[in-house]
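The points below can be read with the structure open alongside.

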Amino acid sequence: MECNITMYEAIRRASLEASKCTAVYYQGTKISFKKFIKLIDRMADILYNRLGIREGDTILLAEPNIPHVLILFYALNKIGAVVNLVHPFIPYNQTKAIFEKTHSKYAFLFEQRVAKEVESYRDFSDNVYVCRVEDFLPLPKRFIYHTFMNRAIRKKLGKFRGSFKGFKYIYKLKPTHKAIKVHENNSNEVAVMLHSGSTTGKPKTICLSNDSFNFIGYHAYEFLASTKEKIKGTMMLSVLPSFHGFGLCMTMHAPLMMEFGSALVPKFSPEAVIDIMNHTKLSSMCGIPGVYEKLLASEKFLNNKNLKYLHVGFCGGDSMNVSLKERWDKAMKEHGSHCQVFEGYGLSEAIAVNCVNTYDHNKLGSIGYPGSGFSFKIIDEHEKEVKRGDLGEICVKSQATMLHYFEDEEATKATFTKDGYLKTGDIGYMDEDGFIFFKQRKKRVVKVSGVGVFPSEIESLVETVPGVSQVCAIRIPDPKLGSAIKLFVVAKFFDEEGMRHSIIETCQKYLIRWAVPKEVEFREELPLTLLGKIDFKTLQEEENKKRGIKE
């Protein structure tokens with residue numbers, strides 16, 4: 001399998017070998033590889049010849065896990081456009097800022113998000129197309145969706161559906177059937193943009209090539225410890241979102257590239273997974289720890305007769321507790337499945353899985369063994385490699401690493417070592433057998449339900465609230481999300497409840513919902529470091545001690 005082709009070409013080749021197999025499963029709808037590539041080619045024709053999208057254009061795509069995201073993704077890749085993937089539920093202000101910063105030409109957005117701030121989105125409605133949950137639903141489910149959809153949402157949707165062109169509107173445009181010059185891969189060209197906290201914890205736009213995704217996809221069989229013959233015709237559970245490198249690459253592109261399917265789940269629930277198990281042969285899955293916890297709590301999932309087909313699970317997006325693996329593996333064995341869950345490690349700058357525990361290489365407590373083609377080393381603050389077992393910054397080198405940060409040469413240069421290794425911003429060590437162990441984050445990032453939340457971004461925003469003189473964001477545990485955000489605030493003047501309301505309201509308006517603080521504590525002063533900066537480590541330690549948490 002070649003890595004130096006476009007992602008579209010990788011999928012096209014797979015469609016020739018697995019034309020009758022299911023490529024995409026979505027809430028009862030099955031799309032075969034043959035139909036999937038036809039939908040992509042038709043969309044590419046319309047995007048190119050009707051909308052005027054050309055090679056090098058940047059197109060913003062902010063959708064949940066629905067078929068639209070894959071059809072658009074590969075159609076744009078066929079043309080040679082850059083796909084700018086953004087969280088579907090970020091507020092208008094952030095969407096518009098990213099749209100303008102990245103010089104995007106069009107935006108394909110999720111209808112329910114647009115409906116919440118419809119008047120704002122009218123500012124650039126000529127550049128916006130909306131995608132709807134029901135477009136690919138089977139007829140009975142489409143009827144149920146409309147019947148029971150929240151009345152308030154339905155009312156808002158009704159107001160703007162005539163103003164914003166939908167995905168189906170595009171499909172009603174007749175394809176021209178004119179030949180499109182299929183874009184040829186250039187390893188140095190940007191194909192995808194992802195948005196993350198960078199390796200320092202400050203929000204950045206990550207630029208990746210076709211090679212990055214194909215390289216991971218090429219190693220899918222190795223990670224799954226399976227073969228093409230065994231996995232063909234089965235499905236990978238796609239519950240991790242498309243804007244997340246792990247979700248996009250490992251649960252969507254990799255299975256499609258390697259001729260098995262992707263089962264899309266726009267909103268996770270054990271019932272959604274059970275539906276997939278009842279209608280397909282679910283063989284593999286990736287998820288954050290909370291996904292596995294909820295599945296373990298579902299008797300219907302554990303007692304499903306098709307559990308026996310589940311071969312392997314991977315946990316990423318946040319650290320997995322050793323006890324979770326032990327409980328999962330035990331439960332699977334007791335209910336007739338040989339499936340085990342393994343922890344892996346990756347980051348958006350290096351796409352998805354870089355090292356991982358597998359059936360062939362695993363060690364309890366580690367984040368895995370480097371995949372073939374991946375090179376790891378642990379360095380000190382002078383970029384000198386440390387001895388095995390010594391702590392340092394985890395660094396990785398492979399064909400999957402990013403090209404650069406968007407329009408930020410300085411940050412890009414600082415992220416790579418002189419010999420080309422990507423500095424991850426995470427602290428850990430490598431043992432004598434080559435397994436990698438994660439200890440703590442060097443960068444300030446909090447994983448809330450698997451989504452990276454950046455304290456510096458929250459602090460910068462809250463500092464703009466009138467009356468706030470100092471602010472610090474830290475992590476607190478949350479029973480549903482795993483983690484949440486708490487703020488410590490020093491205010492010049494305030495009515496405490498009024499100030500708290502202003503802070504939360506501002507965060508809800510400008511931040512992704514996982515970044516909105518769960519708690520706000522007011523203090524007369526905050527601890528400072530010797531350099532006069534707010535000492536977030538001391539605040540975190542104090543909060544952990546108060547809650548009886550040991551880290």
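**Notes on the model**

1. Strand E24 and strand E25 (residues 482-491) are paired in the antiparallel sense, with 10 bridges between them. Within this pairing, Ala473 has Leu487 in E25 as its bridge partner. Note that this is a predicted model.

2. E24 and E25 belong to an open sheet of three strands, in the order E24-E25-E26, with mixed pairing. Strand E24 (468-478) and strand E26 (519-522) are the edges; each has a single partner strand, so one side of each lacks a neighbour in the sheet. From one strand to the next the twist averages 25°.

3. Two helices pack on this sheet. Helix H19 (residues 455-462) touches E24 and E25, and its direction makes about 145° with that of E24. Helix H21 (residues 536-547) touches E24, E25 and E26, and its direction makes about 45° with that of E24.

4. Strand E1 (residues 22-26) pairs with E2 in the antiparallel sense over four bridges. Tyr25 stands opposite Lys30 in E2.

5. Which residues of E2 lie on its covered face, and which on its uncovered one? In strand E2 (residues 29-32), Thr29 and Ile31 make up the covered face, while Lys30 and Ser32 make up the uncovered face. In a regular strand, side chains alternate between the two faces of the sheet.

6. The largest nonpolar core holds 132 residues, of which Phe36, Leu47, Phe108, Phe301 and Trp328 touch the most other members. Leaving aside residues up to four places away in sequence, Phe301 touches Val273, Ile274, Met277, Leu295, Leu307, Leu310, Trp328 and Met332. A second, separate core has 42 residues, including Tyr92, Tyr121, Phe164 and Leu461.

7. As to the whole chain, there are 21 helices and 26 strands. A compact globule of 551 residues would have a radius of gyration near 24 Å; the chain has 23 Å, so the two agree. The C-alpha trace spans about 65 × 55 × 50 Å along its principal axes.

8. Of the 551 residues, 58% count as buried. The accessible surface of the chain is about 24,400 Å², and 50% of that belongs to carbon and sulfur atoms. Among contacts in the chain with a separation of 6 or more, 69% are between residues 24 or more positions apart.

How values were computed: Residues are numbered from 1 along each chain as its sequence is written. This is a predicted model: local features need pLDDT of at least 70, side-chain atom pairs count only at pLDDT 80 or more; totals for chains, interfaces and linings use all residues. Side-chain values use heavy atoms; hydrogens and water are left out. Buried means under 20% relative accessible area, exposed over 50%, partly exposed in between (1.4 Å probe, protein chains only). Two strands pair if DSSP finds at least two bridges between them. Axes are lines fitted to C-alpha atoms, for helices over the stretch in contact, and angles run from 0 to 180 degrees between N-to-C directions. Contact means heavy atoms within 4.5 Å. A nonpolar core is a set of buried Ala, Val, Leu, Ile, Met, Phe, Trp, Tyr and Cys residues joined through side-chain atoms within 4.5 Å. The radius of gyration is taken over C-alpha atoms; the globule rule is 2.2 Å times the number of residues to the power 0.38. Accessible areas come from the Shrake-Rupley method with a 1.4 Å probe; for residues, only the protein chains shown count as cover.
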